[in-house]
Amino acid sequence: MGDDLKQDISVDGMSALGRELAAKPAGLEASAGILLAKRFLKVRDREGLVRPLEANKAQTEFERARGQHNIILKARQMGMTTWVSGRFFLKTITTPGALTVQVAHTREAAESIFRIVQRFWDEMPEAYRTGPLKRSRANVRQMIFPALDSEFRVVSAADGNAGRGLTIQNLHCSEVSRWKGDAKETLAGLRAALAPSGELVLESTPNGAYGCFYDEWQGAKESGLAHHFLPWWLEAAYVANPVTDLSDEEIEARDRYGLSPEQMGFRRTLERSYRGLRSQEFAEDPERCFRASGDCCFEIEVIEKRLLELGDAAVKRRHGALLVWLSVRPDKEYLVAVDPAGGGSDGDYSAIQVIELAGGLQCAELREKVRPSELSRIAAELAREYNDAMIVVERNNHGIGVHTILSLTEHYGNIYESDGLEGFLTTATSKPRIISRFGALLFEQPGLFHSRRLLGECRTFVTQANGSTGAITGAHDDCLMAMAIAQEVRAERMVKGRR
């Protein structure tokens, strides 16, 4: 279509080009956009040469599968920031009244992105730059095109008011996993500024199985984000001397991903250079690339293998907060473990685990921000559903209120007691014991556990510098603690039952 894009060098011509592209079906529009980028935009390549922006394999795959709202999980240096910058630059200069905002994770990164956009403009034909694309301002990472009433901004997520008071048509959030401060609040403010018909792209390399980007990736289907996973081997430059003397792990990777000897050679150089961070920096699959930082308390390889085996829950309730894998059987006994929190939209998550008493098999799991009264009601309903199961509540903090409601409001009597008191008390003495027991079960019998949320928390549960254990900053351990308590009480009851 390249030769057909001969528009008048005028505001009307640019606008007509934008309308022509917007009117095309998705597949044709994507192909036209790829050709338009190659024709009009120039970038500096890896060798330092200025050349046309010709879509590579990763960029082409994204362009042809993108939706209105997108999230990209990618390996390093796949060219996605450059591509999205180019797409949005073209939309800005062909759509009157458009505001494009790109948000980088640091001010230095914002400067780098703006240099890419500046080059797009610098390399445009002079007739455009002195005509419809003449700028009234080009400073502080901002371009304004008065003739089109359009604007392009590059800001930093460190700027607390990024996006406030604006109406954005094109929003690109780069390296979201590395945003400092309250990334969720910053992203929420930007989303609120996005016009209903606006286009959104969130993209990042992974940075641990926690935080804003991880949560966005995990919840993408529910929030209407189109998934795009871009592994490292889509980049043609990622090759090295071929290797054929492969280890068992390398043979498995070669066969799983269809890698060539040259790609296996590159993969081996990554292993030497990045070691444990290879799967994070050069992603191979969307599960294992989210690695925990710090000294994880559990066997990462076991967790990752189990994650690859998991399917979806058989039943989802409460908009996906309550997952059910195994329904009740009349011949089984069950245990319901509850880890309470304060609840509310600004509080922590509460968690419930339902397990079979005999074997410890996970049957159901709740993870939701609910107040103690609602949590008590859900726990009682689950316990009644699962053959009037015993409920064990962590009695630290909010647990006392949950016990009171279970007794006085829900009138549920099958409550776990320890030392004459209702509930399980997590202390500096009991916590290492229950975590150790759960870790042993996870290592020896990973098939007991069906929850991605639970296993995700396991990857970010680490030994801190002072020797204590807990979730890494920004992560959660609610499902994990509920399961650890469930397995501890189950073991205790099984011992008593054998006496």
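Before anything else I noted the cut-offs: buried means under 20% relative accessible area, exposed means over 50%, and partly exposed is in between, using a 1.4 Å probe and protein chains only. I also noted that helices (H or I, at least four residues) and strands (E, at least two) are DSSP runs, numbered from the N terminus.

**Ground rules.** This is a predicted model, so to speak: local features need pLDDT of at least 70, side-chain atom pairs count only at pLDDT 80 or more, and totals for chains, interfaces and linings use all residues. Residues are numbered from 1 along each chain as its sequence is written, and side-chain values use heavy atoms, with hydrogens and water left out.

**Whole chain.** I looked up the overall numbers. The chain has 18 helices and 21 strands. Of its 499 residues, 53% are buried. I then checked contacts (heavy atoms within 4.5 Å). Among those between residues at least 6 apart in sequence, 68% join residues at least 24 apart. The accessible surface is about 22,400 Å², and 48% of that belongs to carbon and sulfur atoms. Those areas come from the Shrake-Rupley method with a 1.4 Å probe; for residues, only the protein chains shown count as cover.

**Helix α10.** Which residues of α10 are buried? In this helix, residues 248–257, they are Glu 250, Ala 253 and Tyr 257. They sit on the same side of α10 because they cover an arc of only 60° around the axis, an arc taken from the directions from the helix axis to the C-beta atoms. On the other side I found Asp 248 and Asp 255, both exposed. The cover over the buried residues of α10 includes α11 (261–274). Just after α10 comes Gly 258, with a positive phi of about 65°.

**Rings.** Tyr 257 turned up again, in one aromatic cluster with Trp 232, Trp 233, Tyr 238, Phe 266 and Phe 282. The pairing rule is that rings of Phe, Tyr and Trp (its six-membered ring) have centres within 6.5 Å. By this rule I get 14 aromatic pairs. Next I looked for charges over rings (NZ of Lys or CZ of Arg within 6 Å of the ring centre and within 35 degrees of the ring normal). Arg 135 lies over the face of Trp 121, 3.6 Å from the ring centre. Lys 369 has its charged end over the ring of Tyr 349, at 5.1 Å from the centre.

**Strands.** Two strands pair if DSSP finds at least two bridges between them. An open sheet of three strands runs in the order β11-β20-β21, with antiparallel pairing. Its edge strands, β11 (295–296) and β21 (469–471), each pair on one side only. Strand β20 (residues 461–463) has three bridges to β21, and Val 462 stands opposite Gly 470 in β21.

Elsewhere, β14 (residues 334–339) runs parallel to β17, with four bridges. Val 338 stands opposite Val 393 in β17. Side chains in a regular strand alternate between the two faces of the sheet. In β17 (residues 390–393) both faces are covered: Met 390 and Val 392 are buried on one side, Ile 391 and Val 393 on the other.

Most residues other than glycine have a negative phi. I found that His 411, not a glycine, has a positive phi of about 55°. His 411 is in the loop between α15 (399–408) and β18 (417–418), and is exposed at 62% relative accessibility. Asp 419 also has a positive phi of about 55° without being a glycine. Asp 419 is in the loop between β18 and β19 (421–422), exposed with a relative accessible area of 77%.

Terms used
Rings of Phe, Tyr and Trp (its six-membered ring) pair if their centres lie within 6.5 Å; planes under 30 degrees apart count as stacked, over 60 as edge-to-face and the rest as tilted.
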